[in-house]
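Reader: Hi, I'm new to this one. Can you show it to me and walk me through it?

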Amino acid sequence: MNKVDFLDLKNINLKYEQELKDAFERVLNSGWYIMGQELTHFEEMFAKYCGVKHCIGVANGLDALILVIRAWKEMGKLTDGDEIIVPANTYIASVLAVTENGLIPVFVEPDAASFNLDPDKIEQAITNKTKAILPVHLYGQICDMPAIRKIADKHNLLVLEDSAQSHGAKIEGIMSGAWGDASGFSFYPGKNLGALGDAGAITTNDSELDSTLRSLRNYGSHKKYHNITCGVNSRLDELQAALLSVKLHHLDDDTEIRRCIAEKYLKGIRNDKILLPKVVSAESHVWHLFVIRCPERDALQSYLAKNGIQTLIHYPIPPHKQEAYKQYNHLSLPITEQIHEDVLSLPISPVMTSEQVEFVIAVLNNF
Ligand SMILES: *Cc1c(COP(=O)(O)O)cnc(C)c1O
């Protein structure tokens, strides 16, 4: 029987086996494992890739988002109790970044077709406490950033992009990571640019923010044993930085493969029970996930499993319905709640073969 894994991480990395081993050996032999030239090199390369002035490596994607908000508090731009607009349908990390800092998330419903924050619904959520918008480029498709930027500028709001799923996505030729006042990236192994462990980064054009973040991620210190703020330990280590530099070289090629697979799915899947995702433009989407909607989602998932096709649900429970957020459980966000009932993520990755893609399409069309 054909078997299609959701994400074959081993083969994704084995594709670059020799280069990764060379990078490992370089770090091993350097005798320097934290805050050295591998990190500086990766930060420079990733800033250039995104088209921004600064990149600050941190321990993971959640820390990237938490630390930006924390830095804005240190800089006097935000304070406890301020409101930040977040999409209601997102991974919980986007919301945790707000609440972890003692700020209030205000949930806004998505555009049902693109799954992303609906700019038309943002303004009605703005109050005199609103200080920032946190758009999440969900599943790899960049939000309508020109519209969001316009609203933010009109109301004097900060913009923090959650780019954890959208490395390399562009709109109007500008990258995810370059639209916001700051942007948080994750390099969790399963992300489009994935480390071999946890890693994350922040991008920004703001030099003061850059400097504040560099200190915050390293115990609030620029100079050893001189602490200017009560910072944290959230550093991106030399080994992960070296491995990420290797993979960054291949990111655009891997993205092209994802786009080819997505195009085959979009052309090939023909089933009245299945709703395909809306794509704004080829460059807007890097297909971290290929998410379909189906009213019989659970039946479809077990049917695919019986045929050897592994799928996942991103995500089964929206943040406002989580046990962790009891204070928001009463909220009614019907578009978001409906999305969580009927989405299903199909296998997509840079190591999926054409035969596997054709097989998934054929099985889907027979449902
Ligand atoms: C993965 C992810 C994060 C968090 O990244 P970690 O590196 O796992 O901490 C944040 N936001 C979104 C949308 C993500 O998908």
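Predicted model: local features only at pLDDT ≥ 70, side-chain atom pairs only at ≥ 80, totals over all residues.

Author: Let's start with cavities. On a 1 Å grid over the protein atoms alone, a cavity is a set of points where a 1.4 Å probe fits but cannot get out; lining residues have an atom within 4 Å of a point. Grid points are joined across faces, edges and corners, and a volume is the space filled by probe spheres set on the points.

Reader: OK. Which residues lie nearest the centre of the largest cavity?

Author: Ile12, Pro189, Lys191, Asn192 and Arg258, out of 13 lining residues. Helix 1 (9–14) and helix 8 (238–268) are the elements that give two or more residues to this lining. Helix 8 has the largest share, with three. Helices (H or I, at least four residues) and strands (E, at least two) are DSSP runs, numbered from the N terminus.

Reader: What classes make up that lining?

Author: Six nonpolar, three polar and four charged residues. Ala, Val, Leu, Ile, Met, Phe, Trp, Tyr, Cys and Pro count as nonpolar, Asp, Glu, Lys and Arg as charged, and the others, Gly among them, as polar.

Reader: And the second largest cavity, what is its volume?

Author: About 40 Å³. Its lining includes Phe115, Tyr139, His285 and Trp287. By class, that lining has seven nonpolar, three polar and one charged residues.

Reader: New topic. Where is the cis peptide bond?

Author: Between His314 and Tyr315, with omega about 10°. Tyr315 sits in the loop between helix 9 (297–306) and helix 10 (334–342).

Reader: What about the backbone at Met35?

Author: Met35 is not a glycine, yet its phi is positive, about 55°. It lies in the loop between helix 2 (17–30) and helix 3 (37–50).

Reader: What is the phi of Tyr219?

Author: Positive too, about 60°, and Tyr219 is not a glycine. Its loop runs between helix 7 (207–216) and strand 10 (221–223).

Reader: How accessible is Tyr219?

Author: Tyr219 is partly exposed, at 44% relative accessibility. Buried means under 20% relative accessible area, exposed over 50%, partly exposed in between (1.4 Å probe, protein chains only). Met35 is partly exposed as well, at 28%.

Key
Residues numbered from 1 in each chain as written. Heavy atoms only, no water. 1 Å grid on protein atoms, 1.4 Å probe; cavity = no way out; pocket = protein on both sides within 12 Å on 5 of 7 lines; lining within 4 Å.
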